[in-house]
Amino acid sequence: MRRGLAADLRRIVGSGGVVSGGKELSQVTGDALNTFRAFRAAECLAVSPAAAVFPTSTQQVSRVLKFANTHRIPVVPYGAGTGVMGAAAPVEDCIVLGLRRMDAVRNVSGEDMTARVQAGVVLEAAAKALEKAGLLLGHDPWSRPIATTGGAISTDSVGYTGAKHGSMGGQVLGLEAVLAGGEVVRTRAVPNRASGPDLHGLFVGTEGTLGVVTEATLRVFPKPEAWRLIPFTFPNFESGYHAVAAMYSLGLRPTVVDYESNLWPSDAETDSTAKLYLGFDGPGGVVEAETARAWSICLEMGGREGKPSDAAKFWRTRHSIALRYQRRLAKAADPVAARRGAGGFRMDYLHVALPASKVLEYRRRCQKILASHRVAVREWSLWARPELLSFLIEDDRDAGGQTSHSLAEAVDKVLTPAQRMGGSMEYCHGVGLKLAHLVEGESDGGAAATKRIKAALDPNNILNPGKLLG
Ligand SMILES: Cc1cc2nc3c(=O)[nH]c(=O)nc-3n(C[C@H](O)[C@H](O)[C@H](O)COP(=O)(O)OP(=O)(O)OC[C@H]3O[C@@H](n4cnc5c(N)ncnc54)[C@H](O)[C@@H]3O)c2cc1C
């Protein structure tokens, strides 16, 4: 660690904005990637940062980056540390640059249908500010009560209403970011600009490797006149898949598509618990018509109406896991140990994007690969679109070990076919430490160009090194 680092940083952000040890530093050491799921990257989680700095303005972010660049100190941008891939995990002797003190909702405009927010605004706070103005935030992940806007942009996160509103990145109209050398760049908040290149795309889903997002203007939506959430059950995963695909082929656009086929050992060895929650919102007549059409498609594909009380519970409790996670960390005497252990969660969850025509074939291939590794699938699910397939896997044989080598191998073996079939290995959580070794597999000849962009914007490789962009 550089001598006098904390004092240097205090000169930039003031005495209340720097921590260099103790529980406060451990609160921003690491993210929600636990040792078990980190597999081959597990030892990287043992690293500690040199210090953490919490600026209150874009100018301070700029000065911190200028300082770090001059002294070649790595910087890891940090929102709320809820990322599940280790993208916000510290690297040796780094400065963690936390955005939590930049949490203002600057402007909400019902006329422009936009909200300008600082990067450290927690999504829930943004949603509440919009609600007061009769507006809706289009991004609603499980982690809405705990994740920040900057983190969601940097991981291009997907939420419950992603079926209608797309990922977080797609809702960014314009943003402000600070480059490694301290230069501030701003992009205009308009729905389209024909005079490219589109600079703001550089900061979406790039995990803080090309710049630190300090502010964003988001597209927001009217509070809907009507809202319907309907539950269906299907006899197997395929039939529900066909129902969702048929809706998309017809041009129906639900707001929520949450489809999950549960295969926990306590259930029968069939997909009989395949449950689909479909949400529609918008003008009353439109919602009625869309719901009726979706309903008849579900029945045609073998679905049966589920219990409305199940749907209500599903919606009411959609953020419960995040709140539990937050409570557990708040109570922990050692937040780093709590994150690394993560409550004994000994499974992995994967989220691949594929052309719709390949999803079922891919799923069949996965089943074979996983069976040959003696890895069990506990859930198959679709989120938002028929192209977005998720699955939860578990290797019972390693239940007592620290990490599962067979599970790690199986994960690589199922993600690479997704890439070869024209898909992507991860559609919402990013790459971080966990999947960095597979990035090349979907670069499609673009790796050299990406390296040149990184070298031009961050020639000393100080921004989040060792992750997405090497
Ligand atoms: C219980 C739980 C539920 C979850 N549910 C979902 C879900 O439904 N959908 C989903 O997509 N994800 C989900 N996640 C993952 C996580 O919440 C998202 O990845 C979220 O977007 C991360 O936000 P964060 O503020 O915590 O970012 P962090 O974890 O702090 O950072 C994530 C990445 O972004 C970078 N970064 C953070 N802020 C900035 C910035 N201002 N500028 C540049 N780079 C920055 C970091 O360096 C890191 O690379 C969940 C996680 C948990 C623990």
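This is a predicted model: local features need pLDDT of at least 70, side-chain atom pairs count only at pLDDT 80 or more; totals for chains, interfaces and linings use all residues.
Reader: Which residues come nearest to the ligand?

Author: A residue is near a molecule or strand if one of its heavy atoms lies within 4 Å of it. Here 36 residues are around the ligand, and Pro-77, Thr-82, Ser-143, Thr-148 and Val-158 come nearest.

Reader: Which backbone atoms lie by oxygen atoms of the ligand?

Author: A polar contact is a pair of N or O atoms within 3.5 Å; within protein, one must be able to donate a hydrogen and the other to accept it, and residues adjacent in sequence count only if both atoms are side-chain atoms. In this model a backbone N or O atom of Gly-79 lies 2.8 Å from a ligand oxygen atom. For Glu-207, a polar backbone atom is 3.1 Å from an oxygen atom of the ligand, and for Ala-87 a backbone N or O atom lies 3.3 Å from one.

Reader: How much of the ligand does the protein bury?

Author: Taken alone, the ligand exposes 970 Å², and the protein buries 96% of that. Accessible areas come from the Shrake-Rupley method with a 1.4 Å probe; for residues, only the protein chains shown count as cover.

Reader: Which elements give two or more residues to the shell around the ligand?

Author: Helices (H or I, at least four residues) and strands (E, at least two) are DSSP runs, numbered from the N terminus. The elements giving two or more residues to the shell are β3 (75-78), α6 (149-154), β10 (212-219) and α11 (320-331). Of the elements, α6 gives the most, with 4 residues.

Reader: What is the make-up of the shell by class?

Author: Ala, Val, Leu, Ile, Met, Phe, Trp, Tyr, Cys and Pro count as nonpolar, Asp, Glu, Lys and Arg as charged, and the others, Gly among them, as polar. On that basis the shell has 20 nonpolar, 15 polar and 1 charged residues.

Reader: Which domains does the protein have, and from which does the shell draw at least three residues each?

Author: Domain bounds come from an automatic or database domain assignment. That assignment gives domain 1 (5-100), domain 2 (105-222) and domain 3 (226-316). The centres of domain 1 and domain 2, taken over C-alpha atoms, are separated by 22 Å. Their contact (heavy atoms within 4.5 Å) takes 14 residues from domain 1 and 19 residues from domain 2. The shell around the ligand draws at least three residues from each of domain 1 and domain 2.

Reader: Is Thr-149 buried or exposed?

Author: Buried means under 20% relative accessible area, exposed over 50%, and partly exposed in between (1.4 Å probe, protein chains only). Thr-149, in helix α6, is buried because its relative accessible area is 1%. Leaving out residues up to four places away in sequence, Thr-149 touches Val-117, Gln-118, Ala-119, Val-121, Leu-123 and Leu-218.

Reader: Where is Arg-144, and what does it touch?

Author: Arg-144 is in the loop between β7 (135-136) and α6. With a relative accessible area of 14%, Arg-144 is buried. Not counting residues up to four places away in sequence, its contacts include Val-122, Glu-124, His-139 and Arg-318.

Reader: What is found in the loop between β9 and β10?

Author: That loop holds Arg-188, Asn-192 and Pro-197, among them two exposed residues: Arg-188 at 66% relative accessible area and Asn-192 at 66%. Beyond neighbours within four places in sequence, Arg-188 is in contact with Leu-173, Gly-174 and Arg-193. A cis peptide bond, with omega about -5°, joins Gly-196 and Pro-197.

Reader: What is the phi of Phe-39 and of Asp-156?

Author: Phe-39, which is not a glycine, has a positive phi near 50°. Phe-39 lies in the loop between α3 (35-38) and β2 (51-53) and is buried at 8% relative accessibility. Asp-156, also not a glycine, has a positive phi of about 45°. Asp-156 is in the loop between α6 and α7 (162-165) and is partly exposed, at 23%.

Notes: Residues are numbered from 1 along each chain as its sequence is written. Side-chain values use heavy atoms; hydrogens and water are left out.
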